[in-house]
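We will go from one stop to the next, picking out residues as we go.

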Number of protein chains: 2
Amino acid sequence: MFEFTLEATDGHARAGRFTTPHGTLETPVFAPVGTQATVKAASPRVLREVGATLILANTYHLYLRPGDELIRDMGGLHAFMAWDRPILTDSGGFQVFSLASNRRIDSDGVDFVSHIDGSKHRFTPEKSIRIQENLGADIIMCFDECPTPNDRTAVEAALERTHAWAVRCRAAHTRDDQALFGIVQGGIYPDLRAQSAAFLRALDFPGYAIGGLAVGETKAEMYATLEQTTPLLPADKPRYLMGVGSPEDLVHGVARGVDIFDCVLPTRVARNGAALTRQGRINIRNLKYARDPDPIEPGCTCYACTTFSRAYIRHLIKAEEILAHNLLTLHNIHLLQTLMREMRAAILAGTFGAYAAAFLATYRPVGNPPPHPLPADLTTG
Amino acid sequence: MFEFTLEATDGHARAGRFTTPHGTLETPVFAPVGTQATVKAASPRVLREVGATLILANTYHLYLRPGDELIRDMGGLHAFMAWDRPILTDSGGFQVFSLASNRRIDSDGVDFVSHIDGSKHRFTPEKSIRIQENLGADIIMCFDECPTPNDRTAVEAALERTHAWAVRCRAAHTRDDQALFGIVQGGIYPDLRAQSAAFLRALDFPGYAIGGLAVGETKAEMYATLEQTTPLLPADKPRYLMGVGSPEDLVHGVARGVDIFDCVLPTRVARNGAALTRQGRINIRNLKYARDPDPIEPGCTCYACTTFSRAYIRHLIKAEEILAHNLLTLHNIHLLQTLMREMRAAILAGTFGAYAAAFLATYRPVGNPPPHPLPADLTTG
């Protein structure tokens, strides 16, 4: 039911196809995040329109509200939220550690208190899998612990638990219409990443996530860890970099062999009045756009850009109108989907190195840092 | 440029066509309200999809933010908000009296303080017209005073001002691509309504609004005032009942000869989690919908109803997701547009009396009051 076909490689970059019960994903692919069974401010038909094929939903949030059993009884997540394309759920672990309070972790699982109503709960690997089976996503995740990436003692302890929990998740998982991915941890430490990759490969998962990145380390550390980790993973299985989604990180991630990404970035910055463009992030709230007749991004073919001016969208933001969120969200997801499609086409054409270099040459990341080099096999090839 | 053709009458109910520079309105017509140059939580393409042909925008709000001169410089309201069908603006008077603070009215105009930033402003009839000419709507309104409808002394004083201001508005108006409507006031007093209608008819406006209703009087008083007022207006000009839009009021209004309506109701109740249906208003937030697989309104053909369950929309409301507002707004406007189309078809077919009676027989207004009778010529005809 789950088959990953590598169609082309260009340096480390890969173009592939991953079949799931809800359709075939063309990779590399970016998944917008639908935390509470809705990608914030975007309807399913808008998501289709801008080219989204995979979305992520959060196990922690949906377990707490409306409850995974309710979603199961309503026909599962696809039916509940009217999304008939592939869905990926996380394990709930990351949110337990970042959102819940009064956490107490032991070798068996984690006790925590709901951030919504203060109620007490416990997640174990088996519980996470049961919830994810109730939700019914196509791709589900092992329950893991995601520590501070540059605290070696914490990373080592978390790694041991993550591995033990991966074995238990594998054993607990019963639905063969779901692909359970293992999650490689190990922080920024190459030996721990290697140890983790080897351990999880032995369990033969249908796909592998790279966890514990984009959580506080530098960009250089993240890219170096990726470069070191992806070659340790089987070439014939999809690789998923969790929580990454800025335009420059997508390019750098694909250049290092990542197939699947997810991130709240396009939807979250939209709600702050910011637009992603090929030149960098712009804040439409800025006074200089008050009488600007141009679209958010000249040349963009999305509904927001073909219909409205920056001046109008700035007015909507200042007036706190919901349509501002709808339009910026639509544009931001459209840009990332377009970027992914362009990267895929470039890999298939064998021109990814040139494409990535050209994109990064004109894109200014937030804070305008010095450009980070692409992997050698792309820049010299 | 503005032509009103009466196509059919059925009792007092009228079906007509009103040509404007942005297209011909088929009446009776309901205008969703786009206070700040956006119908809250609905994009222009969604408004077209649900059948909206006319929308209202608020002069007071747009004058304060982003400013009528900015909108003029951006090509006018149609271009600014990307709505190429007819637009109606109010005069700003009602909002000055209901939203602004520190109001001081004199025979020349009104001083007030902005509810947004505390800045001081003054509206006069001439200023209201200048702002509305900058905004560039197809239908614009005379600056009027809307008093408490059952305080005769206040109504008499306001009426005198409203009439003097109507003369000044008529004189100040220069754009022949805008239809300036007069506003009949007079509270619940038949003699004052008659006096107002006669005064304004003498000014020969291309259309007449009935103001000062739905602002505190009883439904019986509103319907009685309508029954008494519409026959005083010229049959060959459109009649606009301001600020009215519950399903039962639309039916009762059409039955009494009204052609144009506007109201925030469908968008406002949507943001409170309520849906309008043919049976009455329902609150989707209610626990009884938590596992309800039915759409908001079974049989409804709108995107929300053909795609999502009450259970899902309830979850969106509880989780404070923007999509809840988008979907409920879409459904509510769709219902009112459908109702207007059905009433128009019934008038053209000569079956409006039966249609209205059947609709009211199954519709339960909020508070479940005893049914109000339709005008005699419909129920006995």
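Select residues 219–229 of chain A, which make up helix α9; its buried residues are A:Met222, A:Tyr223, A:Thr225, A:Leu226 and A:Thr229. Buried here means that 20 or more other C-beta atoms lie within 10 Å of the residue's own, exposed means 12 or fewer, and partly exposed is in between, with C-beta atoms placed from the backbone. Look down the axis of α9(A): the buried residues fall within an arc of 160 degrees, so they line one face of the helix. The arc is taken from the directions from the helix axis to the C-beta atoms. Contact means that the C-beta atoms of two residues, placed from the backbone, lie within 7 Å. Helices (H or I, at least four residues) and strands (E, at least two) are DSSP runs numbered from the N terminus.

A word on the model: it is predicted, and local features need pLDDT of at least 70, side-chain atom pairs count only at pLDDT 80 or more, while totals for chains, interfaces and linings use all residues. Residues are numbered from 1 along each chain as its sequence is written, and chains are lettered from A and ligands numbered from 1 in the order in which they are written.

Select residues 110–113 of chain A, strand β8: A:Val110 and A:Phe112 are on its covered face, A:Asp111 and A:Val113 on the uncovered one. Next, show β7 (residues 101–105) of chain A, which runs antiparallel to β8(A) and is joined to it by 3 bridges; two strands pair if DSSP finds at least two bridges between them. A:Ile105 stands opposite A:Val110, and a hairpin of 4 residues joins β7(A) to β8(A).

On to β9 (residues 120–123) of chain A, which pairs with β8(A) in the antiparallel sense over 4 bridges. Here A:Arg122 is the bridge partner of A:Asp111. The hairpin between β8(A) and β9(A) has 6 residues between the strands, and A:Gly118 in its turn has a positive phi of about 75 degrees.

Where they meet, 38 residues of domain 1 of chain A are in contact with 32 residues of domain 2 of chain A. On the domain 1 side, α10(A) gives the most, with 7 residues.

## Last stop: chain A meets chain B

Which rotation superposes chain A on chain B? One of 180 degrees, with 0.0 Å of shift along its axis (RMSD 0.0 Å); that is the relation of a two-fold axis. The superposition is by least squares on the C-alpha atoms of residues with pLDDT of at least 70 in both copies. Select A:Ile322, whose C-alpha comes closest to the rotation axis among the residues of chain A, at 3.7 Å.

Finally, show the contact itself, which takes 31 residues from chain A and 31 residues from chain B. On the side of chain A that touches chain B, α13(A) gives the most, with 5 residues.
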